[in-house]
Amino acid sequence: MTLRNAIARLSGVGTLLVATDYDGVLAPIVNDPAKAFPLPAGIDALQELGTLPRTSVALLSGRALVDLARLSGLGGEALLVGTHGVEFDDGFAIPAEAAELRARLLAELGPLVGAVPGAALEEKIASVAVHVRNADEDAGEKLLAAVAAGPGSHPGVHSTAGKKVLELAVVETSKGTALDVLRERTGADAVLFAGDDVTDEKAFAVLRPGDVGVKVGPGETAAEYRVDDPEAAVAMFALLSEERRLHVGT
Ligand SMILES: O=P(O)(O)OC[C@H]1O[C@H](O[C@H]2O[C@H](CO)[C@@H](O)[C@H](O)[C@H]2O)[C@H](O)[C@@H](O)[C@@H]1O
C-alpha cells in the first residue's frame, strides 16, 4: 500500500491518534537547538486535526517538556510528552537518587564539554544532552566517545546517541512505552507516528497492525513508510487533516 493510501485508510478509523516527534519532523534541524522552530503549516495541520472529533494529537519528543511547549506553541490542542517519553504534561518528578546522579553528571560533564569549543550542554529534568553540531568534527567525535566511556558508563545512566548529540538519562526512557500510554489514554483504534531519529525507533517498534509509521529522512528504520524531509512530513499531516475532516466532520 502507498503512504497516500495508508493515510486515506487511517482517516476513516474510529478513534485516531496522530503522534509525532518534534526535531527533524516538525522543525528542520538547525545549529542552535533553542532556535529550532516548527514549520507553520505543520502546526496548522496538527491544530486542525486536534479540533476534529475522535482525533487526538501528541508531540513525543526528546526535548524538555517546557522547551517543547515553548518552541511548538502547541498547548491544549495536543498532548505533549518530553524527555524521550518520561515527561508527561500531567507531571513528572525524578527520584532523589536519580537527581543526585544527574547533578554528578553535570559536574563531570561541565569541564569535558567546556574544553571543546562549540560543544554545548542541554539540561532536562531527567537527562543531560551533549551537543557537538557546532564543534570541530574530530573534536566533537572524541568528546562524545569520552563522554560515553566516562559519565555515560556510570551505573544508572542510559546513553542514547542522536544527531550530533549524546543524551545521558538518569531514568529509563522509551518513546515506545510513552506511545503505549498515549494509545491507552486516548482510546485510539489506530495510530500514526512520525519520527526521524534513533530514539523514534522504540516508538515504531510498538506500532500494531493498522497503524502507520513514517520515517522522516534517511537511516535504518522499522517504519513501513518514509518521507524525505520535514516539508514532506508536514504535507502528510495536512493531507491527513483534510481527509479526516471529510470522514468525521467538525
Ligand atoms: O525527539 P526530538 O523531538 O527529535 O528531539 C531530539 C533532540 O532534538 C534536539 O537536538 C537535535 O536538534 C537540534 C536542533 O535542530 C540540533 O541542533 C541537534 O544537533 C539535534 O541533536 C534537542 O536539542 C534535544 O534535546 C532533543 O533530544
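**View A. An open four-stranded sheet in the predicted model.** The strand order is E5-E6-E8-E7, with antiparallel pairing. Strands are DSSP runs of E with at least two residues, numbered from the N terminus. Two strands pair if DSSP finds at least two bridges between them. E5 (120-123) and E7 (158-162) stand at the edges with a single partner strand each, so one side of each lacks a neighbour in the sheet. From one strand to the next, the twist averages 20 degrees. This is a predicted model: local features need pLDDT of at least 70, side-chain atom pairs count only at pLDDT 80 or more, and totals for chains, interfaces and linings use all residues. Residues are numbered from 1 along each chain as its sequence is written, and side-chain values use heavy atoms, with hydrogens and water left out.

**View B. Strands E7 and E8, with helix H5.** Five bridges pair E7 with E8 (residues 165-169) in the antiparallel sense. Ser159 has Leu168 of E8 as its bridge partner. Helix H5 (residues 137-149) lies across E6 (127-131) and E8, at about 15 degrees to E8. Axes are lines fitted to C-alpha atoms, for helices over the stretch in contact; angles run from 0 to 180 degrees between N-to-C directions. Helices are DSSP runs of H or I with at least four residues.

**View C. Helix H2 against helix H8.** The axes of H2 (residues 40-51) and H8 (residues 230-248) come within 8 Å and cross at roughly 25 degrees. That makes H2 roughly parallel to H8 (angles under 35 degrees count as roughly parallel). Contact, meaning heavy atoms within 4.5 Å, involves residues including Ala45 and Leu49 of H2 and Phe237 and Ser241 of H8. By class, this contact has eight nonpolar, three polar and three charged residues. Ala, Val, Leu, Ile, Met, Phe, Trp, Tyr, Cys and Pro count as nonpolar, Asp, Glu, Lys and Arg as charged, and the others, Gly among them, as polar.

**View D. Helix H1 against helix H8.** The axes of H1 (residues 3-10) and H8 come within 8 Å and cross at roughly 35 degrees. Among the contact residues are Leu3 and Ile7 of H1 and Leu240 and His247 of H8. The contact divides into seven nonpolar, one polar and three charged residues.

View E. E1 (residues 16-20) pairs with E9 in the parallel sense over five bridges. Four bridges join E9 to E10 (residues 212-216), also parallel. Phe193 has Gly213 of E10 as its bridge partner.

Definitions and conventions: Angles under 35 degrees count as roughly parallel, over 145 as roughly antiparallel, 65 to 115 as roughly perpendicular and the rest as oblique.
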